[in-house]
Amino acid sequence: MSTEPYLLRLGSRLAGGLATFDEARRGRHRDFIFSQQQPDGGFTGREGESDLYYTSFAVRSLVMLGGLSPGECASIGGYIQACRSQTLSVIDLLSWLYTGTIVQLAGGPDALEGAEEGFVESIAGALESTRTVDGGYARTTEGAAGSTYHSFLVALASELLGRELPDPDALVQFVYDRQRDDGGFVEISPMKRSGTNPTAAAVALLTMLGGMDDELRDDVGEFLREVRGDEGGFQANTRIPFSDGLSTFTGLLTVQDLGLEDVLDPVRAERFVAGELEFPTGGFRGAAWDQEADVEYTFYGLGNLALLQNTTV
């Protein structure tokens, strides 16, 4: 099993999927992403100032589209270094760690340069402070119950820090307890109806921790068949009547990682992503009803097309 962090492996996999993207199409999406960059080097969502969350998605998309130039690394790296002194949520901390790692690997500044002694240990401690009695991790230290999604984020961040999670068996059991009778997984304990995105997070986390088996694989396959949308992608859950770019990405990634067959038609899926979500001027929207592109959904759109290039489903 590879020791390279999950997010870096995924980035390389997606970049390989878009290797044959024609230059004009690639350029339109790069131009859209850079249109969202702010003077401080970070990227914004649909409004407001630079945000670590959107900056991470912008950088992940740029990696798919050919990488970062030295000047781009310097600009983005300056923003990342400036954010080091902030108190960050789990999701922002992961965004900071991932973006800083990518920028450094591409030849940009080290986000940890000049950091105080013990800074990495303090980050690891901050992550562990969100651990809950049920074995998972919450969004904040005030959270009383674990979140499937945030538990996955903590695992990803710990990988980037080169740290092992304490008591992984308790985390595996936490994830098992989030499975429901429909075969999927829920985000938090009180929920009854599984969702595509928490199911994908659960599968990825269990795979990282050695907790997947054939029975679970088959259960997940049955659930994903239930959330296939008429448009060709995946729905967020069985009550949502339309496919969206995020759920299609996480569902498709899970289908491929588990080797599930006949769950999704790749031709229809590509038609949905390229025909309904991709803007001809660059960028992707989240769903057919959406009116605007943003950098997060552009990542999911590009990611879907990348996965579909080599799909065997």
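Colleague: Is Thr-99 buried or exposed in this structure?

Modeller: The model is a predicted one. A residue counts as buried when its relative accessible area is under 20%. Thr-99 has a relative accessible area of 0%, so Thr-99 is buried. Thr-99 lies in helix H5, which covers residues 90-105.

Colleague: Which residues does Thr-99 touch, apart from those up to four places away in sequence?

Modeller: Thr-99 touches Thr-55, Ser-56, Val-59, Ile-76 and Ile-80, once residues up to four places away in sequence are set aside.

Colleague: How should I read a nonpolar core, and which residues have the most contacts inside the largest one?

Modeller: The general idea is that nonpolar side chains tend to be buried together in soluble globular proteins. Here, the largest nonpolar core has 86 residues, and Trp-96 and Leu-224 are those with the most contacts inside it. Beyond its neighbours within four places in sequence, Trp-96 is in contact with Leu-52, Ile-80, Cys-83, Arg-84, Leu-88, Ala-111, Leu-112, Phe-119 and Ile-123. In the protein chain as a whole, 52% of the 313 residues count as buried.

Colleague: Where is Val-263 found, and which residues is it in contact with?

Modeller: Val-263 is found in the loop between H11 and helix H12 (266-277). With a relative accessible area of 1%, Val-263 is buried. Leaving aside neighbours within four places in sequence, the contacts of Val-263 are Gly-221, Leu-224, Arg-225, Arg-228, Phe-234 and Val-255. Sequence separation and spatial distance can be read together: Val-263 and Glu-226 are 37 residues apart in sequence, and their C-alpha atoms are 9.4 Å apart in space.

Colleague: Why does Asp-230 count as exposed?

Modeller: The cut-off for an exposed residue is a relative accessible area over 50%. Asp-230 has 69% relative accessibility, and therefore counts as exposed. Its place is in the loop between helix H10 (214-226) and helix H11 (245-258). Asp-230 and Thr-101 are 129 residues apart in sequence, with a C-alpha to C-alpha distance of 39 Å.

Colleague: What is the phi of Asp-167, and what is that of Asp-262?

Modeller: As a general rule, most residues other than glycine have a negative phi. Asp-167 is not a glycine, yet it has a positive phi of about 50 degrees. Asp-167 is found in the loop between helix H7 (148-161) and helix H8 (168-176), and it is partly exposed, with a relative accessible area of 48%. Asp-262 likewise is not a glycine and has a positive phi, of about 60 degrees. Asp-262 has its place in the loop between H11 and H12, and with a relative accessible area of 63% it is exposed.

Colleague: How many helices and strands does the protein chain have, and how compact is it?

Modeller: The protein chain has 13 helices and 0 strands. Its radius of gyration is 19 Å, close to the 20 Å that the globule rule gives for 313 residues, so the protein chain is as compact as a globular protein of that length. The C-alpha trace spans about 50 × 50 × 35 Å along its principal axes.

Colleague: What share of the contacts with a separation of 6 or more do residues 24 or more positions apart account for?

Modeller: In the protein chain, residues 24 or more positions apart account for 67% of the contacts with a separation of 6 or more.

How values were computed
Residues numbered from 1 in each chain as written. Predicted model: local features only at pLDDT ≥ 70, side-chain atom pairs only at ≥ 80, totals over all residues. Heavy atoms only, no water. Core = buried A, V, L, I, M, F, W, Y, C linked by side-chain atoms within 4.5 Å. Buried < 20%, exposed > 50% of the residue type's maximum accessible area, 1.4 Å probe, protein only. Contact = heavy atoms within 4.5 Å. Helix = DSSP H or I, 4+ residues; strand = E, 2+ residues; numbered from the N terminus. Rg over C-alpha atoms; globule rule 2.2 N^0.38 Å.
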